[in-house]
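The sequence and the structure come first.

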Amino acid sequence: MQARGATLAPGILFDSDMGRNIDAALALSMLYGLGRGRVIGVAVNSSSLEAASFCDVLARFYGSGGGLPFGLAEDGPKLGDAAMLSVPLALRDSAGQPVFRTTIRSAIDTADPPVLFRNALLTQQEKQAIAVLAGPATNLAHLLALNGGRDIVAAKVQLLVMAAGAFDGTQDPRIQADTASARKVLAEWPSPIVVVGTEAARAVPYSDQTIESDLSTVPNHPVVAAYRAFRGDKQSAGTSGVPVQGVLAALFASNSNAEYLKLSRPGQIEVTGDGRTTFKESPAGTHRYLVIDPAEKERISDAFIKMSAVRPAAGGRGARN
Amino acid sequence: MIITRKALPRRTFLRGMGVAVGLPFMEAMLPAMPQASRAGAKPPVRLMFLYVPNGIDMENWNPSYSGPLTELPRILKPLEPFRNDVLMLSNLTHNWARVLLDGPGDHGRCSANYLTGAHVQKTDRSIHVDGTMSMDQLIASRIGTETRLASLELGMEDPRQSGNCDSGYSCAYTNNLAWKSPTQPMPPLLDPRLVFERLFGAAGDLTPAEREQQRRIRTSILDYVRESTNALSRELGSTDRRKLDEYLTAIRSIETQLEKAAKDQTPVPEGMAKPAGSPADFSDHFKLLTDMVTVAFQADLTRVATFLITREGTSRPYREIGISDGHHPLTHHGGKRDQLAKVTQINEYHLSNFASWVGRLSTIREGSGRLLDNLMLVYGAGLSDGNRHLHDDLPTVIVGRGGGSLQTGRRVIFRRETPFSNLHLSLMDRMGVQVESFGDSSGRLSGLDTV
């Protein structure tokens with residue numbers, strides 16, 4: 001709980017396509033690593049119970065469980081088989097018990113994302129919260145459409161960081177998955193927006209080495225288990241390196257004043273008919289996008305490592321070791 | 001009274017000497033048409049909220065299953081004979097009652113928030129609930145002109161409307177459920193005699209002197225209306241005559257209870273504020289008030305009522321069942337089994353009184369069915385776990401079938417954080433009052449009328 005008038009670090013909402021890519025898992029892990037109480041609401045845009053369960057696992061691992069439930073888009077898209085979720089959740093210890101504990105058994109253990117976000121925002125002081133989106137904008141569009149939702153966003157949210165879009169003329173599947181919602185959010189969201197495009201993520205990929213040398217020092221790290229399952233799929237397809245829009249967004253949300261994170265001039269971002277994002281500069285605009293300065297790539301990668309390697313606080317480690 | 005061959009108007013009253021006694025729904029009120037067509041003339045749906053304070057022992061409230069109700073948990077056990085008329089709802093949340101940025105005062109918030117679904121401003125002076133009005137008053141404002149009383153507000157304890165009752169929250173918040181505007185609560189009637197007069201007094205309110213005169217000479221209100229009763233009776237068929245007899249007998253029984261209460265010199269237990277003219281015994285008081293609600297519903301005197309059984313945060317002891325500790329302190333049991341056991345006992349006691357009333361209601365015929373078929377009695381609390389002041393999974397049961405709009409006999413578990421205000425929207429629909437949103441609603445509850 002925040003006390004009225006107290007000065008605290010911003011509370012963070014995190015909405016993602018958890019399970020489609022390791023990006024969201026790494027990003028959420030980094031945000032939980034900021035400390036207990038910083039992540040105030042988490043939702044997934046799919047109808048996958050495994051996606052919500054994995055969020056629960058991460059929260060418990062970092063000692064942040066027990067607050068509001070996790071949001072699940074009950075009528076959202078199905079995920080299909082996502083090894084990065086199913087493999088860690090199926091792990092058993094020598095006694096046959098789950099390695100990673102979750103209490104999510106069915107949709108009734110989860111919440112409707114817009115209601116969850118609204119309730120989470122009401123715990124925050126004015127302009128105290130930051131929203132991080134690493135997936136299609138469906139849940140945030142529903143939040144704006146909710147009874148009283150837009151006013152609460154206007155009152156409580158200082159910044160939305162969207163890991164969705166592209167500014168090199170390409171298309172981002174996260175926008176294409178729900179162009180109507182992306183348009184609505186870009187047009188109606190009442191706070192400033194910073195967009196992290198796919199080109200920025202490709203410029204600073206997340207390396208295997210970080211996972212294997214830093215995260216793996218913590219026994220039974222759920223992100224390591226998820227990452228290995230995820231890489232197992234992708235390596236067979238011959239890919240290398242992981243573009244991590246969500247991780248960049250999490251990094252910006254947690255440290256927006258970092259000099260190594262450069263932004264475009266202000267303007268207006270829109271979504272075209274074929275699902276591309278365009279930027280039109282305007283001094284009165286409230287939108288910007290992240291620009292990766294090649295000279296700062298190493299510092300950004302170092303920041304990834306520093307944030308990712310945070311060990312769970314006392315009371316965390318939801319995994320049975 | 002002039003009785004014609006036409007159908008008896010629904011708004012017929014037995015009148016005499018400043019009183020007007022409404023009538024129950026009778027066959028004679030159905031239009032003169034074939035039996036098959038008469039089936040379409042349905043009695044109105046009536047709604048009542050019965051609120052208990054300080055939360056519930058949820059371990060003994062929630063069944064371990066969803067779907068059809070089979071064996072009921074300990075607290076709900078008294079409703080076992082009527083379980084086919086019970087719809088149990090789980091996981092409904094009142095978010096505005098939570099701490100949010102307002103600090104302590106969960107009791108002050110949750111009662112004022114219960115029917116408004118709105119934020120309650122923390123003050124013990126300039127009270128303000130940040131909504132428009134409570135849902136019962138919204139219903140009353142839309143359909144209240146169809147009945148003699150737009151709404152009825154009842155309670156059993158503590159008339160205070162000012163002062164600090166919980167961590168800076170006004171007693172107006174803890175002692176009222178109904179709000180006519182953001183700043184105007186509708187204080188519950190505590191004195192059964194006043195309730196009786198509100199129900200049966202003449203349409204123009206009596207002066208205190210007239211009321212006193214009436215009280216002095218009264219043997220029974222039924223004596224005043226005897227002439228019009230006899231006139232009506234001669235025009236009724238045998239079924240309606242029997243129904244009228246039963247109804248007037250129920251009114252006489254209420255009068256007897258009132259007379260007994262007036263003579264009741266039982267010392268009031270320490271910690272309990274006994275309203276003037278009320279029975280000292282909890283069960284007697286509860287029965288008297290609910291018997292009057294029965295008559296009010298039978299006679300269609302009102303279609304919406306609220307009953308703050310005891311005020312939120314009350315420290316009333318329950319010596320009637322051997323508990324001398326205050327209710328509120330007991331609920332902060334900190335896990336002590338002996339204290340929790342007493343909370344469970346109080347919860348059971350409240351429920352058993354409610355179930356006794358349901359039992360009486362279940363025998364009353366209305367139209368081609370039962371009165372209960374056309375009621376929605378919502379029994380619940382604004383806290384679930386009183387020890388931890390939780391405002392999610394609020395204990396809620398609806399008894400009655402809402403005119404066939406509720407599929408009862410089962411438990412429905414909604415998703416977590418589902419706004420309690422969604423229930424308000426769904427109930428207002430059933431009362432014929434459609435609004436787009438209410439409080440912090442996110443939509444209607446689905447699945448109340450279908451399995």
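## Helices H5 and H9 of chain B

In this predicted model, Pro192(B), Arg193(B) and Phe196(B) of H5(B) meet Ile254(B), Leu258(B) and Ala261(B) of H9(B). By class, the residues of this contact comprise 5 nonpolar, no polar and 1 charged.

The two helices, H5 (residues 192–200) and H9 (residues 238–263) of chain B, pack at an angle of about 150°, and their axes are 10 Å apart. The crossing in which H5(B) passes H9(B) is left-handed.

## Helices H2 and H3 of chain A

In chain A, the axes of helix H2 (residues 49–61) and helix H3 (residues 83–90) come within 9 Å and cross at roughly 60°, and the two helices are therefore oblique to each other. H2(A) passes H3(A) in a left-handed crossing.

On the H2(A) side, the residues that meet H3(A) are Glu50(A), Ala51(A), Ser53(A) and Phe54(A), while H3(A) contributes Leu85(A), Ser86(A), Pro88(A) and Leu89(A). Sorted by class, this contact holds 5 nonpolar, 2 polar and 1 charged residues.

## A buried helix in chain A

Helix H4 (residues 113–121) of chain A has 9 of its 9 residues buried, so it is largely enclosed by the rest of the structure.

## Nonpolar cores

The largest nonpolar core has 118 residues, among which Leu50(B), Tyr51(B) and Met292(B) touch the most other members. Helix H10 (residues 282–298) of chain B supplies the largest share of this core, with 9 residues.

When neighbours within four places in sequence are left aside, Tyr51(B) is in contact with Tyr114(B), Leu177(B), Phe307(B), Leu308(B), Ile309(B), Gly380(B) and Ala381(B).

## Contact between the chains

How many residues of chain A are in contact with chain B, and how many of chain B with chain A? There are 21 residues on the side of chain A, and they are in contact with 15 residues of chain B. The side of chain A that touches chain B is made up of 11 nonpolar, 7 polar and 3 charged residues.

Conventions
Residues numbered from 1 in each chain as written. Chains lettered and ligands numbered in written order. Predicted model: local features only at pLDDT ≥ 70, side-chain atom pairs only at ≥ 80, totals over all residues. Contact = placed C-beta atoms within 7 Å. Nonpolar A, V, L, I, M, F, W, Y, C, P; charged D, E, K, R; others polar. Axes fitted to C-alpha atoms, helices over the stretch in contact; angles between N-to-C directions. Helix = DSSP H or I, 4+ residues; strand = E, 2+ residues; numbered from the N terminus. Parallel < 35°, antiparallel > 145°, perpendicular 65-115°, else oblique. Left-handed = near helix turned anticlockwise from the far one by under 90°. Core = buried A, V, L, I, M, F, W, Y, C linked by C-beta atoms within 7 Å. Buried ≥ 20, exposed ≤ 12 C-beta atoms within 10 Å, placed from the backbone.
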